[in-house]
Amino acid sequence: MKSTLSSPLKTPQKTTPNIAPRSVPLAVPLLDLRRQYDGIREDVLAAIARVCDSQSFILGPEVEALEREIAALTGAAAAVGCASGTEALWLALVAAGVKLGDSVITTAFSFFASASAIVRAGATPVFVDVDPGTLNLDAALVGQRLRTKRPENLRAILPVHLYGQCADMDAFDHIVKEFAEEFEVAIVEDAAQAIGAKWSGRGAGSLGVTAAFSFYPTKNLSAYGDAGIVTTTSPEMAAHMRQLRNHGSPRRYYHDEFGWNGRMDAIQAAVLRVKLAHIADWNQRRQQHAATYDRLFAESGLTSNHGSNESGAPVRLLARSPEAKHVFHQYVIRAQRRDALRKFLGERKIGSEVYYPLPLHLQPVFSYLGLKAGDLPVSEQAAREVLALPMFPELTEAEIRLVVESIVDFYS
Ligand SMILES: Cc1ncc(COP(=O)(O)O)c(C=O)c1O
């Protein structure tokens with residue numbers, strides 16, 4: 001296939017040995033955190049020094065300030081800082097009432113923690129397939145499942161805002177209302193990849209009763225280690241989660257229930273607060289990069305229309321919901337001969353990654369659920385086709401061009 005990009009990037013020519021012109025990239029990393037660090041280094045080091053000077057290392061004023069700031073950003077009533085996104089998911093589920101013997105519906109196409117947190121809360125995950133356009137949990141299939149074969153003791157539905165785009169939260173609200181007279185079901189958001197995202201103008205983190213965010217170092221808002229936060233629309237649930245993250249202890253050495261140590265470090269909170277001041281700008285830059293990728297792919301002739309699920313095109317883009325403000329934690333394409341393409345890009349020093357190569361219902365650890373290949377075909381096909389391309393705020397247009405040009409070369 002011939003490239004129709006307006007000004008295709010030529011193979012970089014070396015004018016001086018070992019010195020590459022700045023504007024011509026020779027490699028494109030999937031993520032380069034150093035560029036971010038270079039821009040905020042002094043502020044980060046000052047924030048860490050502030051914590052060291054205070055000698056207060058766990059919870060405390062930095063964590064409390066971060067909690068207030070994240071609640072304000074998301075529109076939630078409260079936020080509770082904790083040790084990781086996985087811990088946040090567990091807190092979100094338990095606070096929403098999930099307990100031993102319950103079941104929770106979730107997507108088969110997510111990171112493992114979306115499902116393992118359900119198990120850790122004592123419940124059984126019930127995997128439902130994803131929407132072929134967005135790859136988010138398919139609300140129509142969830143509704144169908146509730147009408148035809150409702151899981152026993154269903155307590156919650158856990159949609160994941162995959163790659164930074166909210167699942168169809170209006171549809172999940174409708175489901176809750178449709179069945180409200182028969183049974184109560186809580187919506188718990190896995191917003192680990194979606195800080196700053198919105199659905200119909202409402203922030204991710206304020207769309208369910210509780211929501212979990214991850215600050216793992218690769219996330220849009222990232223700590224210098226593990227950290228997470230859980231948000232909630234209920235002040236009572238916030239109080240419960242504060243207790244759960246601290247050994248189920250309402251006051252020191254008195255324990256009302258089983259929680260454990262899920263607390264956030266003050267140093268992580270201090271670093272996150274420095275970065276929080278930049279998140280709107282960083283997310284906006286991700287959106288601009290996504291628009292550049294979209295445009296270059298359209299010009300390349302490799303893609304079909306957004307969201308269509310025709311299998312003919314070598315590269316297909318995921319659908320964008322008009323209600324969603326997408327924060328592009330990842331820019332993901334669906335590619336024919338995906339693994340060969342990934343190898344080809346690797347040889348050109350272009351980073352890429354597969355999120356996720358095996359859907360959750362086929363993970364060996366979930367074999368006890370009795371699901372087999374073919375049961376959730378959309379997730380299974382997505383696992384064979386998805387490829388995440390370089391995406392971070394400091395990425396340059398020249399780098400994006402090189403990525404798309406290389407993909408064009410692969411299919412030529
Ligand atoms: C969708 C999703 N859920 C949960 C998590 C777990 O977050 P953490 O790695 O902070 O425990 C992640 C992070 O990788 C994630 O991407």
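The model is predicted. Of the chain's 412 residues, 55% count as buried.

**Overall build**

- The protein chain holds 12 helices and 13 strands. Its radius of gyration is 22 Å, close to the 22 Å that the globule rule gives for 412 residues, so the chain is as compact as a globular protein of that length.
- Taken along the principal axes, the box filled by the C-alpha atoms is roughly 70 × 60 × 35 Å.
- Counting contacts between residues at least 6 apart in sequence, 72% join residues at least 24 apart.

**Arg245**

- Arg245 sits in the loop between helix H7 (235-244) and helix H8 (266-276).
- Its relative accessible area is 7%, under the 20% cut-off, and Arg245 therefore counts as buried.
- Leaving aside residues up to four places away in sequence, Arg245 touches Leu59, Val63, Glu67, Val80, Gly81, Leu91, Trp260, Asn261, Gly262 and Arg263.
- Tyr411 is 166 residues from Arg245 along the chain, and the C-alpha atoms of the two are separated by 50 Å.

**Backbone exceptions**

- Most residues other than glycine have a negative phi, and most peptide bonds are trans.
- The peptide bond from Tyr355 to Tyr356 is cis, with omega near 20°. Tyr356 belongs to the loop between helix H10 (338-347) and helix H11 (377-385).
- Ser200 is not a glycine, yet has a positive phi of about 50°. This residue lies in the loop between strand E6 (198-199) and strand E7 (202-203). Ser200 has a relative accessibility of 43% and so counts as partly exposed.
- His247, also a residue other than glycine, has a positive phi near 60°. His247 is found in the loop between H7 and H8, where Arg245 also lies. Whereas Arg245 is buried, His247 counts as partly exposed at 34% relative accessibility.

Notes. Residues numbered from 1 in each chain as written. Predicted model: local features only at pLDDT ≥ 70, side-chain atom pairs only at ≥ 80, totals over all residues. Heavy atoms only, no water. Helix = DSSP H or I, 4+ residues; strand = E, 2+ residues; numbered from the N terminus. Rg over C-alpha atoms; globule rule 2.2 N^0.38 Å. Buried < 20%, exposed > 50% of the residue type's maximum accessible area, 1.4 Å probe, protein only. Contact = heavy atoms within 4.5 Å.
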